[in-house]
Amino acid sequence: MAPKAALVVLAAALVAGFLLVRSERRDAHNAEVLDTACGGVLPRATVRGLLPGDETWELHGELDLTGPSGRGPRTLLRCSVEWGEYGRLELAAVPVLDVPLSGVRPRDILATRTAEEPDWATAYRSATTQVTAGCPAGLPGYPRPVTRFRVHASLGYDEGAEIAGAAKEVRAAVTAVANHVRERGGCGGPAVKPSDVRPPPEPVEDPDEESGEVVPSCRWFRPELLDGRARGRDDREPDGVTGDDADVCSLRVPRAKPANRLDHFAEVGSVSWRGPLLPEVRTAYGAELAALSRAPEPESGEKSYTLAVWAESSCSGARTLSRVTVGTAAAALAADRADRILAAYLAASDCRAVKVLGKVWK
């Protein structure tokens with residue numbers, strides 16, 4: 001073999017050897033990334049099929065707080081595998097938390113409807129796929145029970161590098177992470193299945209407004225309880241919130257036959273509190289509850305009168321404190337209808353063992 005040809009063969013062999021060594025090192029590095037990503041719970045063969053084998057994968061944002069530390073983190077688990085310029089597989093598990101209340105009065109609870117959720121709680125809406133999983137035993141470390149969490153995944157490729165069948169494989173990854181969180185958190189309940197994992201729901205501004213239906217917490221009321229008429233297009237819509245520990249409704253009732261110019265509308269409010277909110281309710285309404293033992297006597301000459309009626313009961317098996325307010329232009333109407341309105345509210349809420357605590361004029 002001529003010296004020049006021998007040099008060409010040697011150079012080719014060196015390049016091939018270098019490329020082989022580099023490929024082996026890349027494969028070993030990538031295997032290590034898969035072994036450690038998301039606490040090592042990802043299905044390796046499945047996830048490997050999502051990632052380009054000719055790229056070096058890098059692990060970013062690794063965080064696993066699902067152990068029994070009781071820290072109550074906003075993010076339970078987060079990990080991201082990245083490659084190339086834009087390629088990324090990102091997974092996160094976050095608790096589903098109620099919007100924190102600023103107080104227990106109806107206006108405070110109603111304010112949660114318009115409260116803006118933080119970015120970490122809404123990131124699932126723009127993800128590739130997601131699942132909301134139950135945790136009946138409750139995630140540890142939170143001041144109030146947290147019985148749900150959400151896992152979402154986002155997959156992005158460099159332009160023109162999409163992989164067929166990726167959706168199924170991403171669902172498998174989300175399922176694995178969700179069951180990891182369940183097991184580490186001692187959640188109990190059924191395991192998450194790949195069929196539970198779906199694309200994010202389409203955004204809806206206000207489902208009750210879109211459908212024209214009354215909010216669930218206000219559906220118990222009937223206009224005839226206050227000699228009212230059906231709500232018209234220009235009348236104020238009922239406002240309400242249904243939560244784990246409180247239900248609130250506030251509505252204006254158009255009167256069918258107003259007695260005077262002040263009698264065109266009546267106001268009705270209902271609120272029920274349960275569980276951890278009860279001690280705070282008794283503190284916030286201490287003066288009003290203390291006045292219940294006195295016979296209600298409204299002051300004369302007012303433009304409107306509001307009567308509050310309180311009751312204790314067991315609603316759907318939970319100890320409940322309820323308050324209904326009736327506001328009318330005539331005190332006699334509020335006094336005559338308050339008990340009937342309270343009874344209708346409690347009956348619709350499946351409340352039993354009712355004990356009416358008393359009434360007080362506001």
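Modeller: Here is a walk along the paired strands, with some notes on confidence and backbone angles.

This is a predicted model, so local features need pLDDT of at least 70 and side-chain atom pairs count only at pLDDT 80 or more, while totals for chains, interfaces and linings use all residues. Residues are numbered from 1 along each chain as its sequence is written, and side-chain values use heavy atoms, with hydrogens and water left out.

On confidence, pLDDT is the predictor's own score for each residue, from 0 to 100. The protein averages 83, and 82% of the residues score at least 70. Over residues 67–71 the pLDDT is below 50, and over residues 207–211 it stays under 50.

Now the strands, which are DSSP runs of E, at least two residues, numbered from the N terminus; two of them pair if DSSP finds at least two bridges between them. Strand β6 (residues 239–242) runs antiparallel to β7 (residues 246–254), joined by 4 bridges. They make a hairpin with 3 residues between them, and Gly-240 has Cys-249 of β7 as its bridge partner. On to β8 (residues 265–274): β7 pairs with β8 over 9 bridges, again antiparallel. There, Val-248 is bridged to Val-271 in β8.

Further along, Ser-316 sits in the loop between β9 (305–315) and β10 (318–328). Its phi is positive, near 55°, though Ser-316 isn't a glycine. Most residues other than glycine have a negative phi.

Key:
Contact = heavy atoms within 4.5 Å.
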